[in-house]
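Have the structure open as you read.

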Amino acid sequence: MLKAPVRSMLCAGTIAVVTACGGPTELTVENLEGVWNAAQYIYTNQANSSETVDIITLGASLQVTVAADGTVSSLFRDSQGGTSSDSGNLNTDGTRITLAGVVYDAELSASTLMLQNDASAYDFDS
């Protein structure tokens, strides 16, 4: 059952970004099924937490599709026209989701999926 044709995804690079959109929802295939488009993809500089960059505003995009059978695919487009994609089975333990081999702390609240990974990197010097 498709919950919504397009949903938003909020991704944090190195430090959590907090969002409040209703109560938390269990991370299951049924609750995640559908197409998720990143509304934000934020990296926070670990050396200076006041320095952040949202790569969506720079022209990047991320779309994750979760099918009813638990398969998942992702497509990332950077601001220079490069792309990367991945597919496989949705792997979640209820608090974490693995996408493209990267484990994210995850929270689903209403129609917002928030992913956080402290190991993500962004070059703040360029």
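The largest pocket holds about 230 Å³ of space. A pocket here is an open set of points on a 1 Å grid over the protein atoms alone, where a 1.4 Å probe fits, with protein on both sides within 12 Å along at least five of seven lines. The model is a predicted one, where local features need pLDDT of at least 70, side-chain atom pairs count only at pLDDT 80 or more, and totals for chains, interfaces and linings use all residues. Residues are numbered from 1 along each chain as its sequence is written, and side-chain values use heavy atoms, leaving out hydrogens and water.

Lining the largest pocket are 16 residues, with Leu-62, Ser-74, Phe-76, Ala-100 and Tyr-104 nearest its centre; lining residues have an atom within 4 Å of a point. By kind, the lining splits into 12 nonpolar, 3 polar and 1 charged.

| Strands | Bridges | Bridge partners |
|---|---|---|
| strand 8 and strand 9 | 2 bridges | Thr-92 and Ile-97 |
| strand 9 and strand 10 | 4 bridges | Ile-97 and Tyr-104 |

The strand 8 and strand 9 hairpin has 3 residues between them, and Gly-94 in the turn has a positive phi of about 100°. In the hairpin of strand 9 and strand 10, with 2 residues between the strands, Ala-100 has a positive phi near 50°.

Conventions:
Grid points are joined across faces, edges and corners, and a volume is the space filled by probe spheres set on the points. Ala, Val, Leu, Ile, Met, Phe, Trp, Tyr, Cys and Pro count as nonpolar, Asp, Glu, Lys and Arg as charged, and the others, Gly among them, as polar. Two strands pair if DSSP finds at least two bridges between them.
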